[in-house]
Each structure stands twice: as structure tokens, then as C-alpha cells.
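Please read the points below alongside the sequence and the coordinates.

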Amino acid sequence: MVISIQQPVKIQIAAAITALFIGVLVYLLDRQPESVYFMSSWMAFGDNINPFFGSIVDQLPTFVHVYAFILLTMAVVSPTRNYALPVCLFWFIIESLFELAQITVIAQWIAEQVPEWFHGIPFLENTAAYFIRGTFDVLDLCSIAAGTLAAYLTIVISTQRISNHG
């Protein structure tokens, strides 16, 4: 039986979309609207006292981001394992740098460097606030590492059948 090269892409995209959906649920169910860019108060369902996702609520978004970005990148670049390690390392470094940039001293410096022309441009206008309001957490670095590993394993598992049958 010959497996199409498209099968890993479908698996990787489905896993990424599922993860992103879970991430959206975290923001809708467990985050306060004033702390989430583009989220109106009518969209929030959580009370922030009893998080729906329990004790992992703070680390789940960092896991989801790196996991989904790796899988989506692999679906575009190459559905096989050939580029898995470089793509995983790339997103691990990017996500880790964004987390490290939330250390207070670094965040303040970045906020001071944001150009005036960012104001009024969707997403860019929130650059300084992202770093200033963000909180560095070592557990977020751990969840980034776990998300990277999970994405790598998803790639390996989804491409395993190709190498066995191809």
C-alpha cells in the first residue's frame, strides 16, 4: 500500500488547528478580556477564579503556539522529516526569545524602542504592551520545550508510515 505524501500534511494541519482551537478556548474561558488583544468583554466566559483548564492555564498558550507554528511550517515547507529538526529549533528559539524578552529590564528597553508609526496599526500597536504586560516565567520556557518536542514527535509519527511504505 502506497501512502500519499499529502497524508502527513493533513495530519499536521489537523493537529495544528486542533491545538490552536484549544488555545482560543484558553483565552475565551480563562483569560480576562482586558489582558487579551482584540478580545471584547462580551467574548469572555471565564471568571479567572476557577480556570477551566486548571493549573496548566498559564503555560498552555506557549505550548500551543510553538506546537502549531512548527506543524504549520512543516506542512508548507516539507511534510517529511527532512526539515523537522531545523524548523523545530527555529520556532523553539523564536518562542524562547519572546519569553525572555518579557523579563522586566528587557521588556522596558524593547518598549522604548518601538517606533511611533506602530501606533494605530493593528497588531503592531500592541508591541510595547505585549512586552510590558507580559510576565517572564520559567515554566513557559518548559512548555515551549514540551511543545517543540510534541511537534517533533507528531512529525515523526505522521511521516513514519511514508518511510515504512515509501
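In this predicted model, tyrosine 67 has a relative accessibility of 11% and therefore counts as buried, since the cut-off for that class is under 20%. Phenylalanine 63, at 24% relative accessibility, counts as partly exposed. Both phenylalanine 63 and tyrosine 67 belong to helix H2, where they are 4 residues apart, about one turn of the helix.

**Aromatic pairs**

- The count of aromatic pairs comes to 7.
- One of them joins phenylalanine 63 and tyrosine 67, whose ring centres are 5.8 Å apart and whose planes meet at 15°, so the pair is stacked.
- An α-helix has 3.6 residues a turn, so residues three or four places apart point the same way.
- Phenylalanine 98 and tyrosine 130 also pair, with ring centres 5.9 Å apart and planes at 75°, so this pair is edge-to-face, the class for angles over 60 degrees.
- Phe69, Phe90 and Trp91 form one aromatic cluster.

**Helix H2**

- Helix H2 (residues 60-77) has 18 residues, which at 1.5 Å a residue should span 26 Å, and the distance between its end C-alpha atoms, 26 Å, agrees with that expectation.
- The buried residues of H2 are Leu60, Pro61, Thr62, Val64, Val66, Tyr67, Ala68, Ile70, Leu71, Met74 and Ala75.

**Cysteines**

- How many disulfides does a search of the whole structure find? The search returns 0 disulfides.
- Cysteine 88 is buried, with a relative accessible area of 3%, whereas cysteine 142 counts as partly exposed at 45% relative accessibility.

**Confidence**

- The chain has a mean pLDDT of 81, and 75% of its residues reach 70 or more.
- Where in the chain is confidence lowest, and where is it highest? Confidence is lowest in helix H1 (residues 6-30), at a mean of 83, and highest in helix H3 (residues 84-100), at 96.

Terms used: Residues are numbered from 1 along each chain as its sequence is written. This is a predicted model: local features need pLDDT of at least 70, side-chain atom pairs count only at pLDDT 80 or more; totals for chains, interfaces and linings use all residues. Side-chain values use heavy atoms; hydrogens and water are left out. Helices (H or I, at least four residues) and strands (E, at least two) are DSSP runs, numbered from the N terminus. The expected span of a helix is 1.5 Å times one less than its number of residues. Buried means under 20% relative accessible area, exposed over 50%, partly exposed in between (1.4 Å probe, protein chains only). pLDDT is the predictor's confidence in each residue, from 0 to 100. Rings of Phe, Tyr and Trp (its six-membered ring) pair if their centres lie within 6.5 Å; planes under 30 degrees apart count as stacked, over 60 as edge-to-face and the rest as tilted. A disulfide is a pair of cysteine sulfur atoms within 2.5 Å.
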